[in-house]
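Here is a short note for someone opening this entry for the first time. Please look at the sequence and the model before reading the points.

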There are 2 protein chains.
Amino acid sequence: MLELRHLRTLIALQETGSVSLAAERVFLTQSALSHQLKQLEAYYQQPLFERKSQPLRFTLAGERLLALARDLLDKVASAERDLARIRQGEAGELRVAVECHTCFDWLMPAMDSFRQHWPAVELDIVSGFHADPVGLLLTRRADLAIVSEAEPQAGIVHQPLFAYEMVGIVARDHPLAEKKVWQAQDFANETLIHYPVPDEMLDLWRKVLLPAGVSPLRRTSELTVAIIQLVASRRGVAALPFWAVKPYLERGYVVARRIGEQGLSSELYAALRSEDAGLAYMQDFLSTVRERSFATLPGLTVLEG
Amino acid sequence: MLELRHLRTLIALQETGSVSLAAERVFLTQSALSHQLKQLEAYYQQPLFERKSQPLRFTLAGERLLALARDLLDKVASAERDLARIRQGEAGELRVAVECHTCFDWLMPAMDSFRQHWPAVELDIVSGFHADPVGLLLTRRADLAIVSEAEPQAGIVHQPLFAYEMVGIVARDHPLAEKKVWQAQDFANETLIHYPVPDEMLDLWRKVLLPAGVSPLRRTSELTVAIIQLVASRRGVAALPFWAVKPYLERGYVVARRIGEQGLSSELYAALRSEDAGLAYMQDFLSTVRERSFATLPGLTVLEG
DNA sequence: GATAATCATGAATTAAATTCATTCAAAACA
DNA sequence: TGTTTTGAATGAATTTAATTCATGATTATC
């Protein structure tokens with residue numbers, strides 16, 4: 001018999017295009033999903049996808065179920081918001097402190113969606129780039145902070161959002177384009193172009209250059225497009241989220257390369273005051289961020305608590 | 001986490017008004033449902049019903065979930081019909097043979113609903129009251145027969161629809177109104193008013209009077225209202241489905257009494273040719289009949305295969 | 001044509017849902 | 001006002017179902 005669990009699987013399947021990635025997305029094994037799908041197809045006595053191709057394709061019947069899934073899961077989310085409001089009331093305050101430039105790319109759509117669902121919650125962004133966003137929480141100048149490490153701290157809880165890969169980018173005809181994988185030393189004689197933020201907020205600096213004692217020339221720019229243009233003009237190299245550069249890769253302006261054998265992974269957490277962790281609109285904001293981001297940004301991976 | 005199972009439970013709860021009856025409806029024990037509901041309320045951290053009263057009442061949060069349930073389960077049904085059509089095609093023939101008068105009461109709404117969902121299926125009623133409706137199936141003059149006993153027969157399968165109680169009715173000032181429970185002998189000196197069908201189609205005759213060798217005076221009428229009027233005018237007594245007489249009981253025209261210690265139960269099955277049992281529109285017709293009937297007729301109970 | 005990568009499968013395991021047996025609470029009855 | 005009956009709740013035992021593990025099959029990739 002059909003359950004919502006199956007529909008959640010279908011959504012993950014579509015968003016990832018493969019059984020194994022979808023399994024990771026819903027925190028199950030590939031095997032579990034394979035069994036689940038087999039059971040679904042047996043129940044409806046017809047195939048729901050063709051697994052031959054990558055990404056896998058839905059059959060007509062599969063598409064129909066997928067449409068059902070989107071419809072139903074939206075409605076469930078809406079009903080659960082209503083239940084939360086019945087329990088805790090409509091209103092509240094949600095001031096978001098952000099420490100990363102690219103965060104705005106996924107934050108804006110999520111905030112738009114949230115604003116519609118919680119019109120009585122005062123939503124705001126704490127502007128400026130602070131060295132210590134968690135301090136803003138404790139001094140009650142913000143209610144939620146987006147951070148890249150979950151450093152334990154009294155009175156603060158960290159909730160995982162998602163992870164993604166940071167890739168190195170250079171012009172197509174730059175010598176580094178030849179190397180499949182870059183190491184710290186490869187940056188030594190390059191100019192590194194980055195956002196104007198403190199060093200410790202740059203993943204590349206914290207996790208790669210600093211440990212290796214490499215200290216390249218530097219240049220900053222506020223805007224992602226400007227950084228891309230500088231790189232394309234051979235003014236230097238940069239490290240950016242894969243999902244942020246993908247559109248430019250497809251147009252061939254620059255090429256992207258892995259940094260380190262395992263790739264340079266960047267993680268995002270929401271930090272909030274422990275007392276606020278039970279607030280329904282807070283949890284719904286986090287769900288919205290995850291849901292919208294996974295649905296729109298390519299290459300995201302889940303992050304365990 | 002919410003699953004469709006929970007929503008199916010909520011619908012059953014509303015339709016029956018009690019945990020134990022709802023449990024029976026969804027083929028589970030009272031205990032199972034009690035646990036399930038407790039789990040739901042823990043998940044949403046708020047009460048969903050007040051069990052103090054009979055029938056139980058939904059809280060605001062419960063009502064919201066109930067609305068979700070109706071919406072979602074409708075959509076699931078619609079999607080599953082589409083899947084069935086994708087697999088087997090749209091068209092077919094469905095001629096229904098009916099042997100009981102009151103059947104039309106629940107058959108008409110179900111047929112209306114079905115006609116909208118399967119416009120390409122030729123839906124028809126085989127008119128007249130036949131002594132052997134199953135014969136019509138084998139000679140291919142009908143595709144589905146409504147019968148009150150599941151007599152095994154080669155090439156025919158019986159699918160349970162539902163069961164209900166047949167109650168005896170008399171005028172309020174009739175001596176039999178004093179008796180809480182009637183036995184076969186109580187009919188001996190009365191005039192029994194019934195539909196003009198062969199004796200073996202009357203549940204009262206088959207299950208009560210014939211075994212006891214009681215043979216009262218008889219009088220027939222085509223219409224339920226006419227039977228009620230005759231009874232109210234002290235022209236005799238009758239046995240009718242509880243759900244058919246309930247509106248008249250509430251107006252006080254007649255009173256209803258149990259027949260036999262356990263009550264006289266009437267069962268309904270759909271008989272169809274084995275080869276047709278896998279047809280999607282056939283199964284959907286049966287689901288529709290059950291669903292519509294349980295939702296609208298009071299006092300129905302489930303019938304196991 | 002070898003080598004990953006992805007998916008499928010059966011058995012074993014784990015987790016979850018359900019039942020059983022009983023108690024508790026409330027309503028109906030005398 | 002007890003007494004009986006009915007419906008719901010509870011904890012432990014059980015059953016059922018879902019998931020993982022270990023592995024084999026299949027399909028992409030170089």
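1. A polar contact here is a pair of N or O atoms within 3.5 Å. Bear in mind that the model is predicted.

2. Which elements give two or more residues to the surface near DNA strand C? From chain A they are helix H2 (19-25) and helix H3 (30-44), and from chain B helix H3 (30-44).

3. An N or O atom in the side chain of A:Ser34 is 3.1 Å from a phosphate oxygen of DNA strand C. For A:His35, the 3.1 Å distance runs from a side-chain N or O atom to a base oxygen of DNA strand C.

4. How many residues surround DNA strand C? There are 18, and the closest are A:Ser20, A:Gln30 and A:Arg51 from chain A, with B:Thr29 and B:Ser31 from chain B. Of the atoms of DNA strand C that come within 4 Å of the protein, 58% belong to sugar and phosphate.

5. By residue type, the surface near DNA strand C consists of 11 polar, four charged and three nonpolar residues.

6. Next, the overall form of chain A. Its secondary structure comprises 10 helices and 12 strands. Along the principal axes, the C-alpha atoms of chain A fill a box of roughly 60 × 50 × 30 Å. The radius of gyration of chain A is 21 Å, which agrees with the value near 19 Å that a compact globule of 305 residues would have.

7. In chain A, 52% of the 305 residues are buried. The accessible surface of chain A is about 14300 Å², and carbon and sulfur atoms account for 50% of that area. Taking the contacts in chain A between residues at least 6 apart in sequence, 75% join residues at least 24 apart.

8. One residue of chain B deserves a separate point. B:His101 sits in the loop between strand S3 (92-98) and helix H5 (103-117) of chain B. Is B:His101 buried or exposed? B:His101 has a relative accessible area of 15%, and buried means under 20%, so B:His101 counts as buried. The side chain of B:His101 is joined to that of B:Glu222 by a polar contact of 3.0 Å.

How values were computed
Residues numbered from 1 in each chain as written. Chains lettered and ligands numbered in written order. Predicted model: local features only at pLDDT ≥ 70, side-chain atom pairs only at ≥ 80, totals over all residues. Heavy atoms only, no water. Near = heavy atom within 4 Å. Polar contact = N/O pair within 3.5 Å; in protein donor to acceptor, adjacent residues only side chain to side chain. Helix = DSSP H or I, 4+ residues; strand = E, 2+ residues; numbered from the N terminus. Nonpolar A, V, L, I, M, F, W, Y, C, P; charged D, E, K, R; others polar. Rg over C-alpha atoms; globule rule 2.2 N^0.38 Å. Buried < 20%, exposed > 50% of the residue type's maximum accessible area, 1.4 Å probe, protein only. Contact = heavy atoms within 4.5 Å. Areas by Shrake-Rupley, 256 points an atom, 1.4 Å probe, with all protein chains shown as cover.
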